[in-house]
Every structure is written in C-alpha cells, then in structure tokens.
Amino acid sequence: MYWKEKEEIILEDELKSIQLERLKKTVLTANKSVYYKSFFKKHKLDAHIVELEDIRKYPFTFKDDLRESYPSGMLATSLDNVVRMHASSGTTGKSTLIFHTKKDVDNWADLVARGLYSAGVRKTDIFQNMMSYGLFTGGLGLHYGAEKIGAMVIPIGTGNTDRQISFLKDLKTTVAHITPSYLLHLGHALEEKGLSPAKSFDLKIAIMGAESYSEATRKKLEKIFNIKVHNCYGLSEMNGPGVAFECEHQDGMHLWEDNYLAEIIDPITGEVLPDGEEGELVLTTLKREGMPIIRYRTKDITKFLNGRCKCGRVCRRIARIKGRSDDMFIVKGVNIFPSQIETVLMETPGVDKNYMIILDRKEGLDILLIQIEIQKTYFKGELRQLKNLQETLRENLRRVVLVTPVIELVEPGTLPTSTGKAKRVLDKRRL
Ligand code: ADP
Ligand code: ZN
C-alpha cells in the first residue's frame, strides 16, 4: 500500500514536530546563501524559529527574486556539493536555476517514488516517460522515482508520436507519464491510424501533470484510453513534479507536507487564508540543503480539501490546480480562468480533443473567440447539427463565464498541438 509506511502513516502531531525541526534547519541553511543573508538583514530578521507559525514573519520569495539572484545567489552550499542543476521551463519569462546536492536528488526521487507507488505503480511496470528530459524537471524527475520503485523506465521523452506508439505496443507499456495535451494528441493520432486507444495497448495508468486540466478532461481521457489518470503537481523551484500526487483514490493530491510547508494566501493582500479557502499556494522547502526557498509564491490557485483521505496518509490533499493567478484573463471586466472554459468543452458531447482561446479587441470591445475541434461526423452530417452544437456551446459557456463567446467549430487536427506544455490562450490585445 505504501512506499514507506513509517513516513506516510504517522500522527498529525508527529508530522508537525518533523516540520518544525526541518523548518528550523531550513531557515538556518538559507541564511548561508548570499540572497537570504542580505534579505534577512534588509528585513531585520533572524534565522530563529520557535514554532511553525514563525514562518509568517518572513516575507515571500517571488520568481523575480530567483531571477535577480541568477545564477547562484540562493545557493546555500559550495558548488562542490552540487550534483545537478535544473531550470524552470520559462513559461513566464527568463528561466530560474535550481541546484541540488546528492541528498537533494535522492530525496526528490524518494518523494516521486512515494507518489507513484500511491498511484499504483509497481516494480513490475513498464514506465514510458513521455516528458521532456534536460533542464525541464518533468523527464528526469519522474525517471529516478520510477527507477527507485524498480519499474522499467523508457526514457523516450516527448514527441515522435509514431515511435511512442510502437513502444507502447511492442514493450507493453503499462504506465505513461505525459502532459494532458500530449495524451489528447496521442489519442487523435491513434484514431487517425484506425487504432483504438482503449483496445490496442496494455496501458493501465497515466501520470499526468505539468499543466492544468479539468476533471472533465481527466474523465474523457480515462474513457478514451480505458486507463486511470493520476494528477501530479510540482514546479522546478520546489524540485519539480512530485510535490503533490493523487493516490489510488484519485480525490485530490496529497501534498508531501513533511517536505514542504504549505500556506494558502490571498494573492492580492498576501494574507494567509483559513483552511479550505481557495487562494495561491505558497511553499517552503523543508528538506532541501542545496537551495532552500522560503515562502515561495507559486502563483498556482488551489485549496486544501477537508478531511482525511481514505488511504490513511497523514499529508493533506490539495484540489486540482485551477490555474495560475497570471493565467486568468479579463474579458469585458469579467475574470476568467481557461480551466472554466475547458470544463464546459470537455463535458459537451461532440467536442473532440483540442481548442484554442483567442482574445481580441475590435472598436474598443473585447472579443472572446473560442476555436473548438469537434468530431468529424459533424462535418459529414447536416448543417443544422453543426449549428445546434455551436449554439449549445455558446450557451453553456455563457452560463459559466458570463460573457458570450464567438464559437468557431473546426475539424480534428486543425489546431496547433503540443508535446510539452500547451499554449491555449492567445491574447491579441497585448500584441
Ligand atoms: P514554469 O513556471 O516556467 O512553467 P515549471 O516547469 O517548473 O516552470 O512549471 C511549474 C508549473 O506548472 C506550476 O507552477 C504549475 O503552474 C504548472 N503545473 C505543474 N503540474 C501541474 C498540475 N498537475 N496541474 C496544474 N498545473 C501544473
Ligand atoms: Zn489518499
């Protein structure tokens, strides 16, 4: 049931005391870095922690702080002790560098193994890692965790869909690690070849993360491929994937609180919110020695779920990430998250697998244009059917996002696809 039962099944009080002991050490270690030393001095802070709540006396660390301390201002040890470096994928600007000691990479692999095991991955599995290797943490991060479990890892990386399909078939892959956009694309590619995604393979589990996706997308993919999809969350500043993981019950992601101290804050005021309220996730590393980070603003919007998970693990669960606070866009004064649109699309029968959101402005008025791939049969049938679907989508979307969108229906395979992180919003108002 558990990767390391002694660490996962403990009392809440035990967890709290582990957190406290690790937090004390983290702050002391951070104080050895050029960045935090001057940060503490500037804010007249010491590195002394008595209780967990003391974390709140420290100001937040932002991505810009990492950029400004480029390349190694936050490194808290000598470069001699560093065995690996990663960088964020740079979705939102210049990349930031993260350095790991031997203990750090080993501990990260152990956390990933914990998550994978909780999702049902075992020694007997064939693990096709369809995430990019290299500076991006998705490939190597899961690679070492799966190896630790003893699964056979295929380090294929992203892209080359034909080869992915051959390996899935010939090596009888049972677990895939993949982004939602690539799995949707793979489904499309298989159908184009006349293969049934549900019947052609031995695939049982997909570990899916790196970008947000809705519950409706998960359900759709589970059905198309006849598999279980487990959500996996992480960010390079906090190692990478494996910060939070969905266990066998698929009901929210266990955030590994013995390794990360989590707070949920109001992204505008910075105020810490009561348990269960939705806000921005703020994380402090608790076990990292090479480059500890204090109160990192992830920009990711989520909340803690109430109650204990049926699996019995002590670490609390966070809800699916709603999006990044900077993903949100405003149309005609209304705040919209792409995930709200995605949910409606994936729940509407007839919609295929891909879509694109385009924001524009004409004569001073905002326009929300949504291009949607729909199933081929609609283009072969009567025009009325197409019109009806267009109307249904417009109405369902208007009800959820409160703005009437312009709907453009296109054939499957028309819109740009991605093997890594998808870019599904194009804001022409900013061009
Ligand atoms: P970048 O910030 O440059 O994209 P990363 O590659 O470290 O750098 O990506 C981390 C981000 O990816 C997270 O902050 C989050 O926004 C997104 N992400 C990762 N996993 C998930 C997931 N399971 N669900 C939603 N978003 C995710
Ligand atoms: Zn659980």
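Tutor: Let's start at the metal. Four residues coordinate the zinc ion (ligand 2): C247, C309 and C311 through their SG atoms and H254 through NE2, at 2.1 to 2.3 Å. A donor here is an N, O or S atom within 2.8 Å of the metal (3.2 Å for Na, K and Ca), and water is not among the atoms, so sites may look incomplete. Before going on, note that this is a predicted model: local features need pLDDT of at least 70, side-chain atom pairs count only at pLDDT 80 or more, and totals for chains, interfaces and linings use all residues. Residues are numbered from 1 along each chain as its sequence is written, chains are lettered from A and ligands numbered from 1 in the order written, and side-chain values use heavy atoms, leaving out hydrogens and water.

Now the geometry. The angles among the four donor atoms of the zinc ion (ligand 2) run from 98 to 120 degrees, making the site tetrahedral (four donors, all angles between 85 and 135 degrees). For reference, ideal angles for four tetrahedral donors are 109.5 degrees.

Along the chain, the donors of the zinc ion (ligand 2) are spaced as C-x6-H-x54-C-x1-C. C247 sits in the loop between β8 (240-246) and β9 (253-255), while C309 is in the loop between β12 (296-302) and β13 (317-318), so this pair ties together parts that are 62 residues apart in sequence. Strands are DSSP runs of E, at least two residues, and helices are runs of H or I, at least four, numbered from the N terminus.

C247 and C309 are both buried, meaning under 20% relative accessible area with a 1.4 Å probe and protein chains only (exposed is over 50%, partly exposed in between). C247 counts as buried because its relative accessibility is 1%, and C311 is buried too, at 2%.

The largest cavity has a volume of about 70 Å³, and helix α5 (residues 102-118) gives the largest share of its lining, three residues. The second largest cavity holds about 40 Å³, with α8 (180-192) and α10 (338-347) each supplying at least two lining residues.

Definitions and conventions. Tetrahedral: all angles 85-135°; square planar, octahedral: opposite > 155°, others 65-115°. 1 Å grid on protein atoms, 1.4 Å probe; cavity = no way out; pocket = protein on both sides within 12 Å on 5 of 7 lines; lining within 4 Å. Points joined across faces, edges and corners; volume = space filled by probe spheres on them.
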